[in-house]
Amino acid sequence: MIRLRAVFSKKDRAKYISHLDLNRCMLRTFRRSGLPIWYTEGFHSHPYFSFALALSLGYESDCEILDFNLNEDIPTNEVRDRLNAVMPYGMKIISVAEQKRKVTAITNAEYSFSLVSDNPDLLMNDIENLINQEQILIEKKTKKGVKTVDIKPDMKIISCKIAEKSVDMVMRLPAGTQTNYNPSLFFEALKNASDMSFETAKIRRTGIFCENNEIFS
Amino acid sequence: MLREKIEKHLLEIQKPSRYIGGEVGSVVKDKSKVDVRFAFCFPDTYDIGMSHLGMKILYSLTNERENYWCERCFAPSEDFENIMRENDIPLYALESLDPIKDFDFIGFTMQYELSYTNVLNMLDLAGIPIFARDRTEELTQIVVAGGPCVCNPEPLADFFDLFILGEGEEVNLELMDLYYEMKKQGASRKEFLRKACQIEGIYVPEFYKFHYKGDGTVERLEVTDDAPPTVRKRIIKDFDKVYYPDNFVVPFTEIVHDRVSVEVLRGCLRGCRFCQAGFIYRPLREKHAGTIVEQTKCLCENTGYDEVSLASLSTSDHSEIAPMLSELLIYTEDEKINLSLPSLRVDNCSEELLEKIKKMRKSGLTFAPEASTQRLRDVINKNVSEEEIMNTCRIAFGGGYSSVKLYFMMGLPTETDEDIIGIAELAQRIIDLFYTMENRPKGRGVQISISCATFVPKPFTPFQFEPQDTREMIEHKQKLLLDSVNKKRVKVSYHDANVSILEAVLAKGDRRLCDVVYTAWKKGCKFDSWGEYFHFDKWLEAFEECGIDPSFYANRRISYDEILPWGHLDYYVSHEFFVRENKNAHKAVTTPHCRLKCSGCGVNREIGGRCFD
């Protein structure tokens with residue numbers, strides 16, 4: 001059994017494929033590629049696919065991680081090309097390589113998005129006020145119920161620029177097996193803190209990182 | 001751009017991937033290089049419509065032609081429909097995301113009567129005039145329909161420019177070719193329809209006017225514009241060689257039948273007297289085992305599906321079923337593909353066959369005795385004996401199954417309370433059989449599920465003359481069945497009587513019902529086949545307002561010499577045959593299936609010889 005890891009993008013119409021549907025979609029893609037998929041050996045034998053992080057419906061991504069196993073040692077470029085030949089529209093395998101780190105090594109993810117507004121300058125003011133607060137408290141729904149979290153200490157703004165009709169931001173948020181913050185928490189906080197109406201657009205995951213900002217691979 | 005408008009709202013609704021296309025296998029063309037555009041519409045949601053095999057066949061077939069483009073279109077769920085209406089998003093096709101009102105053909109497939117209001121709702125959402133008479137004189141936006149329900153298209157006649165009778169694999173392209181030629185010549189809609197009705201299989205309802213007698217029955221049919229007095233359905237002669245797609249559109253979201261289906265045979269040789277499909281799809285034609293295996297492999301490889309199902313009206317009637325399954329199982333087991341086999345019969349489900357099925361199915365077995373007593377099974381010509389039912393159950397229990405699902409009908413012609421109680425008694429005999437068996441599955445009790453549908457008399461069957469039971473009779477029988485069964489071991493499910501009543505009215509209706517369908521839709525009826533959307537009270541209001549008595553259509557016995565609303569449509573099976581079979585039914589005399597003895601239904605005479613070797 002050969003363990004491999006693919007990095008793939010999910011854009012355009014493919015962003016409407018839900019996480020639940022993605023597993024089935026990948027299985028069919030692999031079957032179309034004719035690659036020798038490894039099946040589990042239990043009573044209900046099935047192929048092994050594992051996505052490092054779930055991606056919210058409607059978000060694009062440049063950096064989704066899929067772990068899978070093959071029965072034969074096939075050059076990774078060939079695996080990539082054979083998959084890309086049969087990928088759904090909007091999805092593309094960027095690279096295939098061996099699995100270097102465990103998925104538990106993931107600590108944070110980077111997102112870019114636009115906050116669309118008729119008056120980006122005023123919205124920018126509100127954003128600055130919000131991110132300069134001591135705390136950014138927001139209610140987060142978890143499996144156990146609703147709890148209030150402070151996203152401020154773990155939120156890292158990479159960039160925040162005024163564009164023609166929007167404020168464009170890049171930020172990093174905790175991700176992985178321990179804590180996962182979705183940018184929607186920030187949107188929620190901004191909605192609470194600002195009188196400005198805005199719409200979110202072009203939300204995209206742009207990177208998945210381990211400690212020390214090392215790109216997860 | 002329509003796409004931007006759509007995407008703006010997609011995250012507000014359930015399962016958005018249903019509304020944006022982009023699936024593997026969907027065909028996108030450069031519209032500047034396309035001459036004729038066809039919107040293939042299924043009048044129900046994506047999840048249901050995408051499971052329909054006919055659409056897959058005709059979609060691929062049309063798109064094989066470089067300059068024709070067939071796209072898909074479904075009824076949006078209520079959440080998205082509201083958004084579409086609020087934001088002026090017209091109904092659009094999934095490949096181009098262009099509004100279907102700009103298409104040359106808007107084609108619906110009519111699979112069940114309770115989807116009629118959805119057609120009106122979809123036309124309205126598209127911004128296409130609901131009534132054919134209100135559409136432009138220009139040659140564009142031709143609204144057409146095919147599928148089993150159009151064997152009596154009269155309750156839909158006012159909404160369609162034309163109907164396509166029978167199998168579409170050849171006639172659809174002929175129709176599009178004619179359109180393309182006439183469009184180039186600058187012809188009008190009317191000129192096109194006059195030419196189109198000369199193609200075999202094309203029925204243009206506006207050229208046929210009904211006159212009614214005082215008692216409500218048809219007096220005569222007036223044919224205009226040189227249209228043919230009878231319209232005959234189309235048949236594919238060489239079914240083994242007929243076009244079959246080598247790829248399906250593979251949806252992202254889960255659909256009802258989320259698998260490869262390979263059609264193994266078309267038509268049915270059984271002649272069960274209630275079954276419309278058994279007559280309108282005649283004659284029986286098979287694909288060779290080799291063709292089936294080849295098509296299975298090809299589709300599995302191209303779609304990536306790991307499940308395949310053999311589609312037909314009665315798969316175990318295929319003359320090469322055993323060798324075909326052996327060969328298929330070699331492939332599917334090797335490739336870890338799940339093979340499912342719906343539509344098996346109790347009487348020819350051999351031990352060998354069951355042994356093969358056991359390898360592929362984990363769930364229970366489903367059989368359809370349809371009626372409980374031998375007398376009633378003889379009436380409906382379901383040529384299955386109790387011994388065969390018991391024998392199949394014995395094999396099933398011996399093979400490790402402990403649950404059996406049985407389909408029955410109630411309200412069948414000549415049925416009495418004894419026949420209903422007989423359903424419970426038959427279930428009890430199966431339970432008793434289970435406990436007398438030494439080799440029954442250990443540690444589990446037996447479970448029988450009885451699914452009891454209400455009989456709906458349908459056109460082009462020997463029972464087309466029969467009245468349906470009234471609501472009171474249906475409800476009495478449903479209660480009687482519930483009171484008769486062993487509740488610990490038997491689970492009973494049945495349909496809302498009102499649903500079956502409406503089905504009967506629409507199935508056997510005439511053109512005067514168009515106004516009822518329109519009025520019901522205006523009152524908010526849509527998705528009538530979905531329990532939560534079915535509002536029978538609104539339908540009753542619609543009947544009342546239009547001055548139509550539903551019982552005239554559902555509960556009246558039709559005499560043999562009456563002019564039928566579908567009498568000018570020719571599905572190859574003769575009227576005399578239906579009359580003969582109806583008489584046989586009332587005498588409880590059975591008719592053997594076509595391989596045993598030709599019953600002289602008329603098909604073979606018309607296709608010039610024998611139905612099969």
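Predicted model: local features only at pLDDT ≥ 70, side-chain atom pairs only at ≥ 80, totals over all residues.
1. With strand S10 (residues 199–210) of chain A, by contrast, S3(A) runs parallel, and two bridges make the join; here A:Glu60 lies opposite A:Arg204 of S10(A).

2. As to chain A as a whole, its secondary structure amounts to four helices and 10 strands, which follow one another along the sequence in the pattern β-α-β-β-α-β-β-α-β-β-β-β-α-β. The C-alpha trace of chain A spans about 55 × 35 × 30 Å along its principal axes, and 32% of the 217 residues of the chain count as buried. Of the contacts in chain A with a separation of 6 or more, 73% are made by residues 24 or more positions apart.

3. Helix H1 (residues 19–33) of chain A, with its 15 residues, reaches 21 Å from first C-alpha to last, which is close to the 21 Å expected at 1.5 Å a residue. Its buried residues are A:Leu22, A:Arg24, A:Cys25, A:Met26, A:Thr29, A:Phe30, A:Arg31 and A:Arg32, a list that a colleague may wish to inspect with the arginines in mind. These buried residues pack against S2, S3 and helix H2 (76–84) of chain A, and also against helix H9 (289–303) of chain B. Just after the helix comes A:Gly34, with a positive phi of about 75°.

4. The contact between the two chains takes 17 residues from chain A and 18 residues from chain B. On the side of chain A that touches chain B, the classes are eight nonpolar, four polar and five charged residues.

5. Once its neighbours within four places in sequence are left aside, A:Leu115 is in contact with A:Leu123, A:Ser166, A:Val167, A:Met169, A:Phe198 and A:Thr200. A:Thr200 is 85 residues away from A:Leu115 in sequence, yet their C-alpha atoms are 4.8 Å apart in space.

6. Turning to chain B, three of its strands form an open sheet with parallel pairing, in the order S10-S13-S14. Strand S10 (260–263) and strand S14 (338–340) of chain B are at the edges and have a single partner strand each, so one side of each is left without a neighbour in the sheet. From one strand to the next the twist averages 20°. S10(B) is paired in the parallel sense with strand S13 (residues 307–311) of chain B over four bridges, and B:Glu263 stands opposite B:Ala311 of S13(B).

7. A second open sheet of chain B has four strands, in the order S15-S16-S17-S18, and here too the pairing is parallel. Its edges are strand S15 (365–370) and strand S18 (490–494) of chain B, each of which has a single partner strand, so one side of each lacks a neighbour in the sheet. The twist in this sheet averages 20° from one strand to the next. Strand S16 (residues 403–410) and strand S17 (residues 447–454) of chain B pair in the parallel sense over eight bridges, with B:Lys405 opposite B:Ser449 of S17(B). Helix H15 (residues 471–484) of chain B lies across S16, S17 and S18 of chain B, and runs at about 170° to S18(B).

8. Helix H13 (residues 386–398) of chain B has 13 residues and reaches 18 Å from its first C-alpha to its last, close to the expected 18 Å at 1.5 Å a residue. B:Ile389, B:Thr392, B:Cys393, B:Ala396 and B:Phe397 are its buried residues. Seen down the axis of H13(B), these buried residues fall within an arc of 130°, and they therefore line one face of the helix. H13(B) is followed by B:Gly400, which has a positive phi near 105°.

Terms used: Residues numbered from 1 in each chain as written. Chains lettered and ligands numbered in written order. Pairing = 2+ DSSP bridges. Axes fitted to C-alpha atoms, helices over the stretch in contact; angles between N-to-C directions. Expected span 1.5 Å × (residues − 1). Buried ≥ 20, exposed ≤ 12 C-beta atoms within 10 Å, placed from the backbone. Contact = placed C-beta atoms within 7 Å. Nonpolar A, V, L, I, M, F, W, Y, C, P; charged D, E, K, R; others polar. Arc of directions from axis to C-beta.
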